[in-house]
There are 4 protein chains.
Amino acid sequence: MRIHLTESKKTHEFDIVRTSHVEYLVSDLEKSRKFYVETLGMIETENTKNRIYLRGVEDRFHHCLILTRASKPAVAHISFRVRSDLDLDDIAKLFEKIELPYTWIEPEAKESGLGRAIRAQDPLGFPVEFFADIEESEWLWQNFDRHTGAKVMRIDHVNMLVPDVDSASEWYVSRLGFTCTEYTETAGPNPRLWATWLRRKPTVHDVALMSGVGPRLHHTGLLVGDRHNIMDAADILASRGYLKSMERGPGRHGISNAFFLYLRDPDGHRIELYTGDYLSADPGWKPIRWKLNDPQRQTFWGAPAPDSWFNDASEVRSVFSGEKVKTSNPLLTQKK
Amino acid sequence: MRIHLTESKKTHEFDIVRTSHVEYLVSDLEKSRKFYVETLGMIETENTKNRIYLRGVEDRFHHCLILTRASKPAVAHISFRVRSDLDLDDIAKLFEKIELPYTWIEPEAKESGLGRAIRAQDPLGFPVEFFADIEESEWLWQNFDRHTGAKVMRIDHVNMLVPDVDSASEWYVSRLGFTCTEYTETAGPNPRLWATWLRRKPTVHDVALMSGVGPRLHHTGLLVGDRHNIMDAADILASRGYLKSMERGPGRHGISNAFFLYLRDPDGHRIELYTGDYLSADPGWKPIRWKLNDPQRQTFWGAPAPDSWFNDASEVRSVFSGEKVKTSNPLLTQKK
Amino acid sequence: MRIHLTESKKTHEFDIVRTSHVEYLVSDLEKSRKFYVETLGMIETENTKNRIYLRGVEDRFHHCLILTRASKPAVAHISFRVRSDLDLDDIAKLFEKIELPYTWIEPEAKESGLGRAIRAQDPLGFPVEFFADIEESEWLWQNFDRHTGAKVMRIDHVNMLVPDVDSASEWYVSRLGFTCTEYTETAGPNPRLWATWLRRKPTVHDVALMSGVGPRLHHTGLLVGDRHNIMDAADILASRGYLKSMERGPGRHGISNAFFLYLRDPDGHRIELYTGDYLSADPGWKPIRWKLNDPQRQTFWGAPAPDSWFNDASEVRSVFSGEKVKTSNPLLTQKK
Amino acid sequence: MRIHLTESKKTHEFDIVRTSHVEYLVSDLEKSRKFYVETLGMIETENTKNRIYLRGVEDRFHHCLILTRASKPAVAHISFRVRSDLDLDDIAKLFEKIELPYTWIEPEAKESGLGRAIRAQDPLGFPVEFFADIEESEWLWQNFDRHTGAKVMRIDHVNMLVPDVDSASEWYVSRLGFTCTEYTETAGPNPRLWATWLRRKPTVHDVALMSGVGPRLHHTGLLVGDRHNIMDAADILASRGYLKSMERGPGRHGISNAFFLYLRDPDGHRIELYTGDYLSADPGWKPIRWKLNDPQRQTFWGAPAPDSWFNDASEVRSVFSGEKVKTSNPLLTQKK
């Protein structure tokens with residue numbers, strides 16, 4: 001039985017505000033800094049021997065992206081901000097209820113700037129974190145002379161590959177209180193979900209779930225102000241020799257209406273420069289339905305995506321062992 | 001004693017989603033149609049003998065602006081959308097508690113497309129409406145060939161002139177559950193609020209309150225996608241002879257960071273074409289404080305606003321008698 | 001022996017001002033009108049039973065594109081504007097000198113709006129026209145409310161496929177007085193020209209010559225004001241179902257720096273929406289040299305072009321017989 | 001008798017290519033560098049103890065603006081590039097014929113990078129220079145990562161205040177071979193020229209002449225790529241505290257169609273950031289006529305210019321004595 005994708009009517013025990021940050025394991029901090037700071041224009045809030053904390057020009061808080069030195073690229077964790085500390089206790093209760101382990105981050109293990117935080121491996125296999133408080137940082141929103149490169153504003157969303165979009169969506173909608181704004185389903189009498197766009201903040205999404213070998217992180221979506229920023233980013237990336245980093249775009253998705261440019265960072269982690277969002281705050285928002293075979297779903301303008309965009313993604317780690325999480329093949333037959 | 005501007009911690013009895021629409025009384029529907037539909041590119045959802053219902057290209061619902069034929073220009077009502085019908089009953093209770101009259105809109109008096117709705121004259125003197133349900137309309141978001149003129153996306157906010165910003169803000173924050181994102185206060189040991197930017201949806205604002213002769217509506221803010229749309233709008237308005245309609249801008253406000261163009265419609269109602277918003281969803285958002293004498297507060301680029309921008313505003317009507325609501329002078333000495 | 005690509009020092013007997021218009025033979029005028037007028041926003045100056053005359057919003061003259069009904073798509077002629085009628089006589093002398101036939105267009109055969117004109121099949125096999133005078137048309141440059149679609153400003157250039165770029169360039173540079181701004185040549189001790197960008201007006205080009213099966217017209221370049229117009233055009237084309245019309249881009253060329261979107265019109269004629277030009281007026285302009293194997297030459301951002309972009313082009317007709325001009329294979333081995 | 005403003009038919013003895021650079025005397029090189037290089041993003045080609053040579057991102061040559069340390073701000077010279085060295089001799093002959101002194105710049109007095117050059121005080125009183133050759137510099141056109149601030153491309157034009165626009169225009173049109181693209185004239189039976197837009201390169205202008213106390217230089221027009229660059233420049237200037245530097249705009253002129261932002265540099269010299277040009281190459285270009293009382297002439301969008309824009313301008317120096325050139329009042333009564 002398919003999950004009910006319309007907005008959850010019941011009041012949730014906890015209030016997730018939005019997708020807040022991602023921690024990427026990278027092999028060479030300097031190469032990553034050149035890419036994210038010098039080229040894309042992200043702001044370096046703090047760096048330690050093994051970490052760089054980055055934020056965008058709209059961010060008032062310590063970081064929306066963490067780069068951590070490691071021997072092999074992967075995603076260490078994906079973090080969601082909740083309304084208050086009380087919400088954290090309720091989230092702990094949820095994990096107890098579903099009998100999945102979780103851990104309160106010890107002060108010495110904590111990332112810089114963060115308040116009380118809980119980590120767990122969610123039922124989909126992703127390493128997730130929840131927190132309410134994070135240190136403020138200087139707001140550079142009106143320091144336009146410091147907006148450079150792609151002028152990245154903030155993180156917008158994460159896009160995850162999962163073998164079973166139906167059950168993964170149920171986790172996010174029924175358990176975590178997300179709302180579905182758009183979705184793709186297969187044809188036929190018993191349609192299955194191919195992909196869902198799920199949000200807490202009233203935009204298109206905080207989390208997208210796509211059918212694929214998973215759990216893997218397909219990309220992190222970084223918001224930019226308008227299409228000019230994306231054109232400028234492409235020109236700047238090309239000027240600096242990042243030709244192979246530009247995997248797809250600029251272009252527009254039909255689903256989500258995103259105007260995008262997909263990049264691969266020096267470790268292959270995929271970044272979407274993203275603009276063209278809408279407000280989905282209204283009650284009674286009926287999820288937009290897309291057919292899997294609609295040519296304008298993936299690319300509104302019609303140009304095909306390269307194979308790598310469909311096949312490659314970042315592996316994710318266990319929050320407990322630090323080991324790679326094993327992946328499964330998708331339930332649905334893959335196709336472009 | 002000043003109101004506490006930081007986010008209300010207590011759970012509200014009701015959930016206002018956002019500012020939803022405004023009803024302007026206009027003297028000549030055809031002139032208004034030429035301005036709003038043919039020039040600014042708003043979509044005409046429906047028209048009757050005495051009314052035009054308009055929406056933007058992002059709107060999935062029946063209207064975000066109503067133009068009603070009348071002998072004299074004024075604001076008939078300002079409408080807020082709430083989460084569900086149950087919220088309406090709680091709002092009715094609030095008006096009972098503060099002993100202000102309200103009315104359930106009778107089916108035959110209702111505007112087109114709207115569900116159950118309550119109207120009242122709020123403690124500030126404004127004619128306000130609350131509703132949860134409204135008829136869906138065709139979503140033209142990806143019908144780019146139908147986006148013309150300023151390509152108005154949707155209503156963003158209303159800006160109200162009130163004689164006492166402190167008490168008006170208390171109404172919105174403490175009673176209606178709004179959050180303050182930015183504010184201006186006077187200098188000295190006992191600062192008074194000069195203006196507040198208050199939001200329900202997590203953007204800069206749904207309602208701005210400014211010190212002035214009130215209650216009057218200073219302007220309705222209509223969202224556009226980016227700065228190009230505003231430049232194009234100015235060019236198109238000029239091509240069609242609307243020279244005097246362009247009152248101020250294009251420019252940027254320091255407060256709110258809005259990139260703006262202020263227009264006066266054929267009846268003098270002020271419209272702000274608005275872009276450059278930010279996300280204010282994070283808990284712990286500390287309101288941005290502006291000093292009244294900061295030259296970049298009003299105009300980030302430094303150019304002064306014309307006198308009319310400070311002096312003119314739309315009068316508001318009683319929801320009961322339809323008469324003009326009497327105005328009072330502001331508590332604080334006016335200055336540019 | 002290679003031609004000398006630097007600016008011709010000798011004074012020419014005649015002065016070609018710029019590429020002025022192209023006549024496309026099309027199979028269905030209504031389909032073409034939908035594409036060029038309703039979607040791309042070109043202005044229809046005049047139409048007759050078998051022809052539509054189009055201009056851009058910057059054009060002060062009668063047309064920059066002619067669509068003529070015919071049983072089979074092709075290019076009927078490519079037209080260059082000269083300084084004055086005296087130049088036409090000198091061009092006639094040139095064709096006499098090289099012993100190629102030419103014809104003065106008879107008044108009854110003339111296209112609408114055009115003054116005295118000469119036509120010939122040039123040594124490359126293309127049907128070319130020269131004229132000095134053309135009827136003025138209403139300048140819509142500041143009628144911004146009439147700028148729609150891609151807001152095409154004017155014709156910028158033509159791009160021709162020729163089997164021998166060296167000799168074709170010699171015709172344009174030595175005989176017609178064009179200046180080379182950029183070129184691609186093969187590697188090795190005896191480099192051959194792969195492509196040249198040649199101009200009369202001091203921009204990047206009026207004519208580009210590329211190695212390929214020719215004579216064929218690869219595309220007509222139409223100028224737009226900035227990158228936003230190209231993004232808007234893509235969105236509008238997609239909204240109207242012209243998915244297959246968008247062949248390549250948006251993107252940027254290394255050579256010429258063009259920001260482009262390549263379209264195929266309903267008959268397969270290729271149009272480049274083009275912006276990002278530079279001024280090449282300065283004496284001493286040394287042609288920019290590109291190596292054939294430079295990945296950023298064709299696509300500054302690195303994404304490959306589809307095969308059709310390399311293979312397809314419009315056939316050209318004889319100005320005398322109206323028959324298709326036979327093509328030859330290129331001297332150089334083709335490759336992407 | 002009024003000059004004939006249409007394009008000169010006779011072949012000129014010399015060929016001026018375009019307005020090439022301006023030398024501003026400035027009081028503090030460091031302040032000027034902060035403004036032009038760090039904020040507007042101009043490229044510093046070379047600096048000496050007393051001079052900074054600047055170019056734009058489109059420039060392939062040594063400079064389009066020279067800043068020279070001096071005790072008092074002024075314009076030292078305005079420079080035009082000619083086709084070849086032979087043209088310089090013909091220009092010398094012209095000054096001999098009209099019995100005005102001129103000088104060949106001695107190698108030791110020459111500005112850096114420049115070839116053979118002639119200087120004179122023209123009949124309007126302006127210090128002018130002519131040259132054909134100038135050293136090449138690295139072309140940064142596709143080094144997009146080095147395009148910052150306003151991303152100034154190159155110089156476009158100079159705008160001069162003269163007491164008698166009729167006679168000044170005659171000098172430029174009849175003697176120097178400029179073509180008039182647009183002009184303003186007074187009303188009445190004997191119209192006088194109020195302002196003229198004159199060009200050599202086929203754009204809107206190389207030189208504009210406006211009625212006023214002169215000879216004085218009203219502004220130097222620097223080209224930028226599109227409207228976004230001007231918006232970004234305003235934001236960046238504001239971020240760096242250059243509030244008072246933004247004198248007028250952003251806005252659009254009716255005459256010339258320029259999308260503009262007028263700046264005052266640290267010495268009060270006026271700079272126009274300029275975009276929105278058109279091609280005026282076609283023969284038979286009839287100058288666009290504007291009435292002095294057309295409200296859209298000065299400001300297409302209707303907002304008035306500040307008084308300083310009408311009153312202030314840079315004084316000019318004698319090329320021989322270095323003294324300030326005395327000014328005269330305009331023949332026509334001044335008005336906004």
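Predicted model: local features only at pLDDT ≥ 70, side-chain atom pairs only at ≥ 80, totals over all residues.
## The interface of chain B and chain A

Between chain B and chain A, about 3,200 Å² is buried, and 54% of that area lies on carbon and sulfur atoms. Three residues of chain B, namely Gln142(B), Leu279(B) and Pro283(B), supply 18% of the area that chain B buries against chain A, more than any other three residues. The contact involves 39 residues of chain B and 39 residues of chain A.

Six salt bridges are counted between chain B and chain A. In one salt bridge, the side chain of Glu136(A) meets that of Lys286(B), with an N to O distance of 2.6 Å. Polar contact across the interface of chain B and chain A comprises 14 residue pairs, both residues being at pLDDT 80 or more. On the side of chain B that touches chain A, at least two residues each come from strand 1 (16–26), strand 5 (74–82) and strand 17 (288–291) of chain B. By class, the residues on that side of chain B are 17 nonpolar, seven polar and 15 charged.

## The relation of chain B to chain A

Chain B is superposed on chain A by a rotation of 180° with 0.0 Å of shift along the axis, and the RMSD is 0.0 Å. Asp226(B) is the residue of chain B that comes closest to the rotation axis, its C-alpha atom being at 3.2 Å. Of the interface residues of chain B, 100% are also interface residues in chain A; the copies therefore meet through the same surface.

## The interface of chain B and chain C

The side chains of Asp145(B) and Arg240(C) form a salt bridge, at 3.5 Å from N to O. Chain B and chain C have 10 residue pairs in polar contact, with both residues at pLDDT 80 or more.

## The relation of chain B to chain C

A rotation of 180°, with 0.0 Å of shift along its axis, places chain B on chain C with an RMSD of 0.0 Å. This is the relation of a two-fold axis. Because 100% of the interface residues of chain B are also interface residues in chain C, these copies meet through the same surface.

## Helix 3 in chains B and C

In chain B, helix 3 spans residues 165–175, and its buried residues are Val165(B), Asp166(B), Ala168(B), Ser169(B), Trp171(B), Tyr172(B) and Val173(B). These buried residues pack against elements of chain B, namely strand 5, helix 2 (85–97), strand 9 (154–162), strand 11 (193–199) and strand 12 (207–211). The N-terminal end of helix 3 of chain B is capped by Asp164(B), which has a side-chain oxygen 3.1 Å from the backbone nitrogen of Asp166(B). Just after this helix, Gly177(B) has a positive phi of about 80°.

In chain C, helix 3 (residues 165–175) has Val165(C), Asp166(C), Ala168(C), Ser169(C), Trp171(C), Tyr172(C) and Val173(C) as buried residues. The elements of chain C against which they pack include strand 5 (74–82), helix 2 (85–97) and strand 9 (154–162). Asp164(C) caps the N-terminal end of helix 3 of chain C, with a side-chain oxygen 3.1 Å from the backbone nitrogen of Asp166(C). Gly177(C) follows the helix and has a positive phi, near 80°.

## Pro101 of chain D

Pro101(D) lies in the loop that runs between helix 2 (85–97) and strand 6 (102–104) of chain D. This residue is partly exposed, its relative accessible area being 47%.

Apart from neighbours within four places in sequence, the residues in contact with Pro101(D) are Phe95(D), Ala120(D), Gln121(D) and Phe320(D). Pro101(D) and Phe320(D) are 219 residues apart along the chain, and their C-alpha atoms are separated by 9.0 Å.

Technical notes:
Residues numbered from 1 in each chain as written. Chains lettered and ligands numbered in written order. Heavy atoms only, no water. Contact = heavy atoms within 4.5 Å. Buried area = accessible area lost by both parts, 1.4 Å probe. Salt bridge = Lys/Arg side-chain N within 4 Å of Asp/Glu carboxyl O. Polar contact = N/O pair within 3.5 Å; in protein donor to acceptor, adjacent residues only side chain to side chain. Helix = DSSP H or I, 4+ residues; strand = E, 2+ residues; numbered from the N terminus. Nonpolar A, V, L, I, M, F, W, Y, C, P; charged D, E, K, R; others polar. Least-squares fit on C-alpha atoms with pLDDT ≥ 70 in both. Buried < 20%, exposed > 50% of the residue type's maximum accessible area, 1.4 Å probe, protein only.
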